[in-house]
Amino acid sequence: MMQSCFGHHFMLVLEKKEKYDGHQQFFAIVKLIGSWKQAESFIYRLQLNCHRRRLTWEATPRSIREGTHSAIMNSDCLVFDTQVAHLFAENGNLKDPRPWIESLEEIGFLYHWADYIIARYAAMNMTGSAKTWLNLHKASFTSWENIKIASFRIFLWTPIKKN
């Protein structure tokens with residue numbers, strides 16, 4: 001996943017590795033498309049969010065020129081295991097909202113829907129914990145763009161310029 005801000009491009013790297021006896025761990029790190037010197041000008045914050053839970057990691061991004069192996073081996077990144085992943089999962093999966101967003105946007109394009117109609121259609125088709133989540137945050141959803149942004153907040157990452 002890529003994000004551009006402050007005139008730079010950042011990349012979120014996610015890896016899943018089996019550590020021992022089938023025990024899986026997940027690793028997340030942000031890399032800057034640039035030199036290590038440029039990377040030192042930033043910090044990033046990764047958050048896993050779920051109803052009444054938040055797991056946060058904050059660090060300096062690595063340069064794209066540096067490998068991720070040493071960060072993973074030294075646990076110098078967001079690290080969580082399968083048990084923690086289940087605390088933030090829906091139906092056993094950490095949901096990637098991109099396929100859902102893309103399908104709604106495709107329907108909207110085909111039927112020439114305005115954004116507010118896509119947002120309403122999305123809300124009408126939510127069920128279970130997604131519907132509960134929507135009802136808890138309904139006031140902040142003033143547009144389709146807000147719903148898209150909020151749907152990524154189960155795994156939120158933010159680059160921050162150091163002062």
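Me: Which residues touch the most other members of the largest nonpolar core?

Reply: A nonpolar core is a set of buried Ala, Val, Leu, Ile, Met, Phe, Trp, Tyr and Cys residues joined through side-chain atoms within 4.5 Å. Here the largest one has 23 residues, and Phe10, Ile29, Val30, Tyr44, Leu46 and Phe80 touch the most other members. Two or more residues each come from strands E2 (8-20), E3 (23-32), E4 and E7 (78-81) and from helix H2 (69-73); helices (H or I, at least four residues) and strands (E, at least two) are DSSP runs, numbered from the N terminus. E3 gives the largest share, six residues. A second, separate core of seven residues has Ile118, Ala119, Ala122 and Trp144 among its members.

This is a predicted model, where local features need pLDDT of at least 70, side-chain atom pairs count only at pLDDT 80 or more, and totals for chains, interfaces and linings use all residues. Residues are numbered from 1 along each chain as its sequence is written, and side-chain values use heavy atoms, leaving out hydrogens and water.

Me: Why does Asp81 count as buried?

Reply: Buried means under 20% relative accessible area, exposed over 50%, partly exposed in between (1.4 Å probe, protein chains only). Asp81 counts as buried because its relative accessibility is 18%.

Me: What is Asp81 in contact with, leaving aside its neighbours within four places in sequence?

Reply: Contact means heavy atoms within 4.5 Å. Asp81, in strand E7, has His23, Gln24, Gln25 and Phe26 as such partners. A polar atom of the Asp81 side chain also lies 3.0 Å from the backbone nitrogen of Val84.

Key:
Polar contact = N/O pair within 3.5 Å; in protein donor to acceptor, adjacent residues only side chain to side chain.
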